[in-house]
Amino acid sequence: MTVGVEASRSGRLGGVLREGGPVALVRYIAGRMQRRMIRRAHFITVAKPLAEFKPRYLVRRKACDIEVVNAGDLARFDDPYSMEYRHHFERWLARGDVLIFAIKDGAVHGFSSLLLQDYRGEEGFVIPVRDDEALLLGLEVFPPYRRGALAGVLQEAALQEAKDRGYVRVTGGIGIWNRDSINTARHMGYHQTGQVVATRVLGITLPQRDLPPLDAWPGQERRPSRGTSAEPEQATGAERAS
């Protein structure tokens, strides 16, 4: 395995050298070293008020049962995807998270989870969670079951559970590169509340930057009409991290 990896890496370096010469090779190596030394996370934060939330997908569901599970329930599920995620489920439940399963024929088809405390990312950033809100931490529909509206069902199950527990809104953080999740948030009626940019250099966490919301959802920025200036409009009211 190691030999194969090394051979593949050597082949990539050789390809860069042949195609671009020594300067391109130096730039390639420097870029990889920089990415290893510097880790950056850029998220948009979103929120959805629950006062007027009314489920649509959840009331029409037919394919799966929706169940809030606890640590003692996990032993009931031994399908491959449940086993793959078991250590995450155990950690989240031990922390006090709310875990929701979509179940059919004894197998878990997907899950959503709510975090009831501040979220702390690997890069050192923090998304605060107030006492009257819950953070939608995770939502996953396992690959064989991704056709249909199960993602919407699990999303609404989390929103309904938060509302039933007395929370006034659900929040979340979405990577600025994650267009699928951004589109889902728009479709489900979330609005932007800000941006978080966090950077770690050589394992040292730099101060987090909390920025204003983007002027438009990523991928939905206004484009100039024909006959107008081609100079792009400023997409945000604040600095963006690449």
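Biologist: How many helices and strands are there in the protein chain?

Modeller: This is a predicted model, in which local features need pLDDT of at least 70 and side-chain atom pairs count only at pLDDT 80 or more, while totals for chains, interfaces and linings use all residues. Residues are numbered from 1 along each chain as its sequence is written, and side-chain values use heavy atoms, with hydrogens and water left out. Taking DSSP runs numbered from the N terminus (helices H or I, at least four residues; strands E, at least two), the protein chain has 5 helices and 11 strands.

Biologist: What share of the contacts in the protein chain with a separation of 6 or more comes from residues 24 or more positions apart?

Modeller: A contact here is a pair with heavy atoms within 4.5 Å. Among the contacts with a separation of 6 or more, residues 24 or more positions apart account for 68%.

Biologist: Does Asp97 count as buried or exposed?

Modeller: Asp97 sits in the loop between H3 and strand E3 (98–104), in a chain of 242 residues of which 40% count as buried. The classes rest on relative accessible area, with a 1.4 Å probe and protein chains only (buried under 20%, exposed over 50%, partly exposed in between). Because its relative accessibility is 6%, Asp97 counts as buried.

Biologist: Which side chain makes a polar contact with the side chain of Asp97?

Modeller: Leaving aside neighbours within four places in sequence, Asp97 is in contact with Trp92, Leu114, Leu115 and Leu137. A polar contact pairs N or O atoms within 3.5 Å, where within protein one must be able to donate a hydrogen and the other to accept it, and sequence-adjacent residues count only if both atoms are side-chain atoms. At 2.7 Å, the side-chain partner of Asp97 is Arg95.
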